[in-house]
Amino acid sequence: MRLSFACVLVSCSLLLVLLLFRWCSSSHRTDESFDPVRKQTHVLYIKLNGVDASASELFTVRGASVEQMKVMCTVLPLCHGFNSEGQFKSKIASKAKSPAIDLYLKQTVLGVKQNKTLSSSEAGVFSSHDEEYRNMESSMKIYIYDIPIGKEIPSLEDYKYGVEHLFITLLSKSKFRTLDPTLATFFLIPARCTAYRKSVPNLKAGIQMASTITAEMVTHVMQHSPYWNASQGADHFYICAHDMGTRVTSAANQNLFRNAIAMVNTADILERTFVVHKDISVPPHPGRGSILWSKMGQGGAPFDPSKRVRLAFVAGNLSRGPVRPKLLELYRHDVDFLVVDGHMSDRDYMSALKTSTFCLCPRGNVVWSPRVMDALWFGCIPVIIANYYVPPLYGLVDWSAISITVPESQLSNLKDILLTVSAERVEEMQLAIRKTYEHLTWNDPPKPFDALHSVLFQLWTKRHVPKLHPPIS
């Protein structure tokens, strides 16, 4: 009897959700042809173990399985996720650890076929197989605000955080830029958080400087442009490559992190101001040296796989954060690992990348690491050891095909995990890296399907946001 009642309850809940879906669709869509890509939409769910979110609840369903709740959430546009207690969320606000509950975050991906990794070797999957990429190429326009605040602070061409300056520079020179805001699909607030942070030597003061200048820029936009208020910032975006990431919004109008789209390196699901279904994890650094490493490594194509005689490699400051010191303690004397606590010369570092099968990318004080790109460029399979990290271009690039993810709690089992990866699987992953790395690589000038175009494509898929009409002056 209990089982029958539970089945009836779940069935009724599904019916209620479908009715809500029909109501939402009819009340929010004024033109059936408005959204030409709706049929190409698919939904992914990110599971966060032992985490719950404070959010506005739509409803609660008891007795449904996770798969049933996914069906309910998928068909309801208002649903942004649910937890294992059956509580469906209309938005995801702050997240906190909750050992007895798991959280499932809904991520909608438009215009990309599920389980299909974008690959330039397939005659350009963007242009040949995806109408949305062609739509972006022909229709996307971005207006860059000219804001007189913070201009006296020079930009930095730092390799680690250099994506921030490079992105703004490339976009400024690209065909996607428009000087007419009435034609804009999106609006860029050209904040340069890394430059502001580095303008003073003290870390805390530098972060405060970046937050203050960013807040002043947003205030300027709100006071001098009608376009922010037209969408409450939902068609605005900014980029911050520094470790502070979305925390740069702490002093600004709260709609900057609630509605505006962030492009960041520090894509940490547990970060209160990072919104996983809205914000974008960017390919984290453009490379270094007079000859870009991406051109030298080519995803590992020039290197003989038989020369990869070492199981795993990592180098750098291994005293930072909760993972690296333990990694150093466990594996510094392991003969199958090369663990270097400190920096190597470029020559020795590249040699280690070429001769290792796996390259470890442990989190430091924050979740992201430039080691991910170093590894991919040289065909070394990245091993990401950073809980709650959203890797670059998530939902566009299939990271399960080109990397290994190891939970921080499994660090002591790391070697056993790597040894279970078969030679055939290693070969498949190395081939996938060679097909994929170009989408994660920045070029100046840009090339079709590269990092700039991939990031802009992810931005393009987020353009369907409700907008108000600008106030009449």
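**Aromatic pairs, an open sheet and a buried glutamine**

Phe-237 counts as buried, at 1% relative accessibility, where buried denotes under 20% relative accessible area, exposed over 50% and partly exposed the range in between, for a 1.4 Å probe and protein chains only. The model is predicted, so that local features need pLDDT of at least 70 and side-chain atom pairs count only at pLDDT 80 or more, whereas totals for chains, interfaces and linings use all residues. Residues are numbered from 1 along each chain as its sequence is written, and side-chain values use heavy atoms, with hydrogens and water left out.

The structure holds 16 aromatic pairs, a pair being two rings of Phe, Tyr or Trp (its six-membered ring) with centres within 6.5 Å, described as stacked if the planes are under 30 degrees apart, edge-to-face if over 60 and tilted for the rest. The ring centres of Phe-167 and Phe-237 are 6.3 Å apart and the planes stand at 75°, so this pair is edge-to-face. Because Phe-167 belongs to helix H5 and Phe-237 to strand E10, the pair ties together parts that are 70 residues apart in sequence; helices (H or I, at least four residues) and strands (E, at least two) are DSSP runs numbered from the N terminus. Phe-167 is likewise buried, its relative accessible area being 0%. Tyr-331 and Phe-337, by contrast, form a stacked pair, with 4.6 Å from centre to centre and 15° between the planes; Tyr-331 is buried at 4% relative accessibility, and Phe-337 is buried at 6%. One aromatic cluster is formed by Phe-59, Phe-82, Phe-88 and Tyr-104.

Strand E10 is part of an open sheet of five strands in the order E8-E9-E10-E11-E12, with parallel pairing, where two strands pair if DSSP finds at least two bridges between them. Strands E8 (142-144) and E12 (280-281) stand at the edges with a single partner strand each, so one side of each is left without a neighbour in the sheet. Four bridges join E10 (residues 236-240) to E11 (residues 261-264), and Cys-240 has Val-264 as its bridge partner in E11.

Gln-430, found in helix H15 (residues 423-436), is buried at 10% relative accessibility. Apart from neighbours within four places in sequence, Gln-430 is in contact with Gly-299, Pro-305, Arg-308, Gly-379 and Ile-381, contact meaning heavy atoms within 4.5 Å. Gln-430 and Ala-401, 29 residues apart in sequence, have a C-alpha to C-alpha separation of 9.0 Å.
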